[in-house]
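Good morning, everyone, and thank you for making time for this. I would like to walk you slowly through a few side-chain pairs and a couple of backbone details, so please keep the picture in view as I speak.

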Amino acid sequence: MTAAFMDLVDVTIVNIAIPSIQRSAHASVSQIQWITAGYALAFAAGLITGGRLGDIHGRKRLFLVGIGGFTLASALCGFAVNPEMLVASRILQGAMAALMVPQVLSIVHATFPAHERGKVFGLFGAIVGLGAVSGPLLGALLTEWNLFGLEWRPIFLINLPVGVAAWLLGRRFITESKAPRALKLDLVGVALVTLGLLMLLYPLTQGRELGWPLWGYLCMGGALVVFAALVSYEKRKAARDGSPLVELSLFRVKSFAAGIAVQTVFGVALGIFFLVWTLYMQIGLGWSALRAGLTGVPFSLAVSTAAGLSVQQLVPRFGRKVLQAGALVMGAGVLIYLWEAHHYGLAIAPWQMALPLVVMGAGMGLIVAPLTDAVLSEVPREHAGSASGLINTVQQMGNALGLGLVSVVFFGRIGDRLTRAEVGPAFVDAFQYALWWVAGIMGAIFLLMAALPKRPAQHVEGAEQGAPAVAKEPQLVP
């Protein structure tokens with residue numbers, strides 16, 4: 001949980017400091033996107049591999065390697081001398097997170113029996129909410145305080161003591177576990193996943209700055225061919241030695257396939273909203289990092305509260321309807337925010353944003369914790385690493401795609417050469433345009449959720465004949 005908290009804080013803490021990084025490091029628009037999207041891309045590209053490595057070599061071992069590397073990469077980010085070094089360090093940080101994060105859910109899945117997992121995922125949802133609260137506030141405070149004249153750098157350096165503590169705690173308290181049969185690492189699969197993601201996201205992120213060249217469209221089209229080749233290769237790999245990188249048989253589990261689709265699209269919505277929201281408040285409205293960070297507190301508290309309620313009380317009673325209600329509630333919050341941004345313009349105050357942010361946060365909380373439980377609940381334990389890697393991969397892939405789309409849905413509405421007087425109105429207009437996209441995506445998520453099981457299998461796991469989740473216990477290694 002400490003590692004999951006650190007990863008989440010790192011994502012949210014960076015968002016609030018982006019305008020400060022842009023000013024002091026003289027970063028371009030595409031470099032701003034790569035500071036966030038580079039992390040998400042490396043995270044997405046490495047997550048399936050990280051989950052599989054945990055299955056093969058031990059989840060505790062990979063967890064410790066990942067958390068140590070994440071801490072080192074945080075130090076490199078904190079001491080970056082230019083935007084290029086910061087982007088490279090963020091990519092390394094994402095790669096290390098890819099080793100660390102999938103072990104979190106796999107260790108939970110392998111350690112706790114089915115009837116206890118709901119409580120654990122409820123705690124996980126609360127940690128998500130706490131991280132969402134802490135990240136923007138910490139980022140705002142550390143940026144505003146300008147400790148030792150380091151400006152934005154302490155937002156990364158704060159990971160050092162937390163990372164060391166998490167490494168020591170993990171080494172002492174986590175029990176080692178592996179998949180019950182020997183598996184091999186699928187290097188060709190790793191290469192195809194990484195190539196496909198790069199071909200999709202690089203031209204999308206750089207396209208606006210380069211004038212949307214033809215090669216960019218060809219590259220994005222080629223990514224689909226690469227992903228098709230990946231599926232074909234993984235089928236042959238599974239038949240040959242039973243050690244594919246992507247366990248395609250998991251997609252035969254309806255709850256898993258439906259949940260993966262929802263996670264991907266949800267990641268797109270979050271990728272667009274959080275970066276655009278930060279730029280709107282700090283550059284468009286001219287607010288300080290601290291004012292912007294405090295404005296987000298109602299959202300974060302609503303996420304945390306609703307996440308705990310959804311898993312513990314609402315989902316056991318109402319099942320899938322809770323997640324569908326979450327999509328509608330979050331979409332309603334986006335529309336309220338859209339109306340307020342249009343109505344108040346540059347004169348909008350933080351307290352006026354509280355209502356839409358609380359509504360959005362409540363909707364997100366109803367989705368985020370029970371969705372993870374629903375996706376993993378029917379997955380056999382020997383594939384826990386692959387499944388959790390896929391869950392995180394598609395969410396991060398969606399997040400990176402959303403960050404790439406910011407070039408289209410936000411910066412595409414803003415002129416290249418604006419006078420100081422034109423900046424505010426242009427950013428307000430672009431923010432409203434981006435919110436229309438987010439509202440539309442939430443509508444799509446509501447429709448996709450109809451494919452989720454009516455009741456989460458975790459609450460009846462083992463109670464019915466042939467429940468697929470009662471798989472063999474993972475091999476425990478002393």
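Let me begin with Arg59 and Asp55, whose side chains meet in a salt bridge, with 2.8 Å from N to O. Please keep in mind that this is a predicted model.

How many salt bridges does the structure hold? There are three. Another of them joins the side chains of Arg90 and Asp10, at 2.7 Å from N to O. Because Arg90 sits in helix α4, residues 83-111, while Asp10 sits in helix α1, this pair ties together parts that are 80 residues apart in sequence. Arg90 and Asp10 are both buried.

Then there is Arg413, which forms a salt bridge with Asp429, where the closest N and O atoms are 3.2 Å apart. Arg413 lies in the loop between α15 and α16, and Asp429 in helix α16, 16 residues apart. Arg413, at 40% relative accessibility, is partly exposed, and Asp429, at 32%, is partly exposed as well.

Finally, let us turn to the backbone. His26, in the loop between α1 and α2, has a positive phi of about 55 degrees although it is not a glycine, and at 68% relative accessibility His26 counts as exposed. Trp212, in the loop between α8 and α9, also is not a glycine and has a positive phi, of about 50 degrees, but at 28% relative accessibility Trp212 counts as partly exposed.

How values were computed:
Residues are numbered from 1 along each chain as its sequence is written. This is a predicted model: local features need pLDDT of at least 70, side-chain atom pairs count only at pLDDT 80 or more; totals for chains, interfaces and linings use all residues. Side-chain values use heavy atoms; hydrogens and water are left out. Helices (H or I, at least four residues) and strands (E, at least two) are DSSP runs, numbered from the N terminus. Buried means under 20% relative accessible area, exposed over 50%, partly exposed in between (1.4 Å probe, protein chains only). A salt bridge is a side-chain nitrogen of Lys or Arg within 4 Å of a carboxyl oxygen of Asp or Glu.
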